[in-house]
Number of protein chains: 2
Amino acid sequence: MASKMRAARAEQDDPLPSWNNGSAKRSILEFVEAVTDESGADHVPAAARIAVFDNDGTLWCEQPLYIQLAFALDQVKALAREHPDWRAKQPFKAVLEDDRQALGAAGVKGILELVAATHSGMTTDEFERTGKDWFATAQHPRFNRPYMDLAYQPMRELLEHLRANGFKTFIVSGGGIEFMRVVAERLYGIAPDQVIGSSGKTRYELRNGAPAIVRLPELDFFDDKEGKPVAIQKFIGQRPLAAFGNSDGDQQMLQWTAAGPGRRLALLVDHTDAAREFDYRVSPMGRLDLALAEAHERGWTVVSMKDDWKRIFAFETRN
Amino acid sequence: MASKMRAARAEQDDPLPSWNNGSAKRSILEFVEAVTDESGADHVPAAARIAVFDNDGTLWCEQPLYIQLAFALDQVKALAREHPDWRAKQPFKAVLEDDRQALGAAGVKGILELVAATHSGMTTDEFERTGKDWFATAQHPRFNRPYMDLAYQPMRELLEHLRANGFKTFIVSGGGIEFMRVVAERLYGIAPDQVIGSSGKTRYELRNGAPAIVRLPELDFFDDKEGKPVAIQKFIGQRPLAAFGNSDGDQQMLQWTAAGPGRRLALLVDHTDAAREFDYRVSPMGRLDLALAEAHERGWTVVSMKDDWKRIFAFETRN
């Protein structure tokens, strides 16, 4: 009984209770201590404590489909009645008939077409409402839970720990900026203005005298690879002190962060846990190859989800 | 003596000591009180307390030249040795010969050419350094003071008062985003990630293995008129509660803000003081015409610098 209480107390003092003790957890805690220690050589003033996080596969689950793509597929079905031509037109036909093979054949071009069709034409206010409604009912196909439950608990603790130490935390993701904003505050405690992502063009207009911002079916910016440091500079205006990712799309963001002067933290999440989440060695998504090679070369921190995370989702029973 | 002490104490309690008592000051104080009063009908949670400020002519002096244009002209002179062709080529020749007539004839197109030539080709780090160096020595031609002294003291008090009441304060300006970031923290207490402005395209690249972000001579986004609500939605992701501007370029930003549900504040600064600053009725800059008409029609707050501001710059002697 007493030892159980001691364990509970130790966990209370531990800012990262869902992390197993190991080199990854240690590298995070030592980094935060070093840059916040006012008398230390690595001290960094709070104004420069910027941390950037990829979202899909880094903060929440991206398998078997990006969550935003699951939303787009559901929207195609919801909007089909208004678009009778979709019944005969790919890639919409594939979605309406749940034809995975035809959908796969449509490739990235097909996906962008689905996203454009379901993410434009409405005002930004309307899109936000549609996203909220979807998150209230949609469920993950494997875990049979709302997508809101699919955030990684260890990363939520990490976000909290960084903010408790004066960091500003930002999402910098290939996902749609407005889609993530629907849930970022509730999921991660990240305000809309600290969410950066891919965006479509928009237009300001007066509709019967009332101002509206309308979403257009045209890509404005694709926030991936070289686009991530570019977006960081545009939105944040200073080089981050710490960066967190999980795929080759995050390599340049980690590079840019790690190459700054003084102590930095660059961290990759490696999906190694087929039992509790997904093992990317046997999956086609989230390619982690070039970034992993650079991580080993430069000594970036690599997190094995299987070994470094005590639990992955908050809904798991604690051991 | 006692009355003097009482006056000093009253001023200490006044969050806006550089504002004369009048309807403009009252509308600001009442708005802030209304949206922060938890038991009131107009209460707004802190997360939605977003305030956006134009910069040129709203937060600092834009006469007789935009400060960024003064920087560009100085840079043309500083870089002339590396560009011998400029001696014979407009609009550069006009700058090098201080030929105001030829410069005027070059128009907006000429100005954009000067800005592109002096704002691109270098890395973002190098540009920031150049900007810092320039602000350390350059002086305003009329006031003979560093440009850092040319911020409006009443607006700095207003920024401070809003932040003290849980607001996040953003700049949303037609000026260059990276140029303003050089000074926004020191001048206004506004961090780089809360500065929004016009931007040029950039490219991420490795220079001898070292990552760099290089500024390209191509416009990315012009943050004026309809562009302002568009940029607000992209960078901030929610509609502001309060907006502050001084020209027709701010009309759509104020419209978008004022049209939101619940209590809002839309405010225009009218340049009416030829003695202490500039009277725009006799100047070609900062056209305030359509926005002023809409302000009167909709009951937005209009500040007369001459009547509403006790002092304009911090360096003025207090009365």
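A:Pro91 sits in the loop between helix H3 (67-79) and helix H4 (92-96) of chain A, where helices (H or I, at least four residues) and strands (E, at least two) are DSSP runs, numbered from the N terminus. A cis peptide bond, with omega at about 0°, links A:Gln90 to A:Pro91. The other chain has this feature too: B:Gln90 and B:Pro91 are joined by a cis peptide bond with omega of about 0°, and B:Pro91 lies in the loop between helix H3 (67-79) and helix H4 (92-96) of chain B.

A word on the model itself. It is a predicted one, in which local features need pLDDT of at least 70 and side-chain atom pairs count only at pLDDT 80 or more, while totals for chains, interfaces and linings use all residues; side-chain values use heavy atoms, with hydrogens and water left out. Residues are numbered from 1 along each chain as its sequence is written, and chains are lettered from A and ligands numbered from 1 in the order in which they are written.

Most residues other than glycine have a negative phi, and most peptide bonds are trans. A:Lys225 is not a glycine, yet its phi is positive, about 50°. This residue is found in the loop between strand S4 (210-221) and helix H10 (227-235) of chain A. With a relative accessible area of 36%, A:Lys225 is partly exposed (buried means under 20% relative accessible area, exposed over 50%, partly exposed in between, with a 1.4 Å probe and protein chains only). In chain B, B:Lys225 likewise has a positive phi of about 50°, and B:Lys225 is partly exposed at 37%.

Turning to the fold of chain A, seven strands form an open sheet with mixed pairing, in the order S4-S3-S2-S1-S5-S6-S7; two strands pair if DSSP finds at least two bridges between them. S4 and S7 of chain A are the edge strands, each pairing on one side only. On average, and ignoring direction, neighbouring strands of this sheet are turned by 30° against each other; axes here are lines fitted to C-alpha atoms, for helices over the stretch in contact, and angles run from 0 to 180 degrees between N-to-C directions. H11(A) packs on the sheet and touches S1, S2, S5 and S6 of chain A, contact meaning heavy atoms within 4.5 Å. The direction of H11(A) makes about 160° with that of S5(A). Helix H7 (residues 153-164) of chain A also lies across strand S1 (50-53), strand S2 (168-176), S5 and S6, and runs at about 165° to S1(A).

S6(A) runs parallel to strand S5 (residues 242-245) of chain A, with four bridges joining them; A:Ala242 has A:Leu265 as its bridge partner in S6(A). Four bridges also pair S6(A) with strand S7 (residues 301-304) of chain A in the parallel sense, and the partner of A:Asp270 in S7(A) is A:Ser304.

B:Glu178 counts as buried at 15% relative accessibility. Its side chain makes a polar contact of 2.8 Å with the side chain of A:Gln233 (a pair of N or O atoms within 3.5 Å; within protein, one must be able to donate a hydrogen and the other to accept it, and residues adjacent in sequence count only if both atoms are side-chain atoms). Neighbours within four places in sequence aside, the contacts of B:Glu178 also include B:Thr124, B:Phe127 and B:Arg215.
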